[in-house]
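Please open the structure in the viewer and keep the selection tool at hand.

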Amino acid sequence: MVIAQPVPLPPPPTAGAYAVVVLDNNSHELVRNPFDVSFETTHGESADEISFDFTVPYPTGAASVRIVHGAAVLAELTPPAQGPQVAFQTVNATADEVQASWIASHPDAAALTYALYFSADDGVTRLPIATTLTSTMYIWPTGLAPGTTQARLIVTASDGFHTAEATSARFSIPRKPPAAWISEPATGRQGVYSGGTEHVPGPITPTVTTLVASRPVELRGGGFDLNDGVLDGAGLRWASNRQGPLGIGGQLTVTLQPGVHVLTLQAVSSAWLIGSDQVTVTVQADTDCDGMPDPFEAAHTCLSKTDAA
């Protein structure tokens, strides 16, 4: 693919058994860029084919490009005289996905491949959605996209040398509630929130944690918002269904009253959207504050201070 805009070029390889050779119309060599590849896989086996890519200068007057191994020509590409054209046909955005289609043509009927990009800032920056597409339509689930009113799609069409691109009309993607997860008290599950669980570890079979009232309880958790990033401080709010608000932040040390508590961590975004996670803990009474719960001491009378006296 030929990149028309100026780009910084990394230092090209200086030696190797292979080379990218650029020729003019008379098959005279304009530039040679040697390189080497290894056919060893990560498992120590030998592969029949290996992929590679790097960027090299494409000089004025270039007419063809060859990949050579010594004197053997492995492949030769001749660029078409003209490049492709591409334009968006439809872009339909819903709350969950964007359906896009485009039309493309080439004066030499060359085969085209497409890449689709997303911009959340009206085209200033872009992120790849899909590359090496051969179809002229794509359905993009937007569950992991930040909310924006300045969204655009960019599609590029390439014949292997020339590229063309088109930018869609502006559309909106609604913001999603942030993800919230409780890691302590450990209950075997994490990351439940109304928008899904793509950002956090998947749920495991929940269990109920038993705690002792005389011992401080460590609360740990986190939150993430697609627009705000990692949440902390006032963006994380803890509460108990028995005691009410417990505090803010990703880490707290609290004292819980005896009984069954449903602990809730709310992750609050700058748009005041809320995601939450909950765990259930049983806090057992410890009347003598010796660190052993009353039910345990009652079942083991030898541990009772009254009996020991």
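Select Ser-101, which counts as buried because its relative accessibility is 13% (buried means under 20% relative accessible area, exposed over 50%, partly exposed in between, with a 1.4 Å probe and protein chains only). The model is predicted: local features need pLDDT of at least 70, side-chain atom pairs count only at pLDDT 80 or more, and totals for chains, interfaces and linings use all residues. Residues are numbered from 1 along each chain as its sequence is written, and side-chain values use heavy atoms, with hydrogens and water left out.

Ser-101 belongs to strand β6 (residues 97–105); strands (E, at least two residues) are DSSP runs, numbered from the N terminus. Leaving aside neighbours within four places in sequence, Ser-101 is in contact (heavy atoms within 4.5 Å) with Phe-88, Gln-89, Thr-90, Thr-136 and Met-137.

Next, select Phe-88 and Trp-102. Which arrangement do the rings of Phe-88 and Trp-102 have? Their centres are 6.4 Å apart and their planes stand at 80 degrees, so the pair is edge-to-face. Rings of Phe, Tyr and Trp (its six-membered ring) pair if their centres lie within 6.5 Å; planes under 30 degrees apart count as stacked, over 60 as edge-to-face and the rest as tilted. Phe-88 lies in strand β5 (residues 85–93) and Trp-102 in strand β6, 14 residues apart.

Tyr-114 lies in strand β7 (residues 113–119). Trp-102 is buried at 2% relative accessible area, and Tyr-114 is buried at 6%. Phe-88, Trp-102 and Tyr-114 form one aromatic cluster.

Terms used: Helix = DSSP H or I, 4+ residues; strand = E, 2+ residues; numbered from the N terminus.
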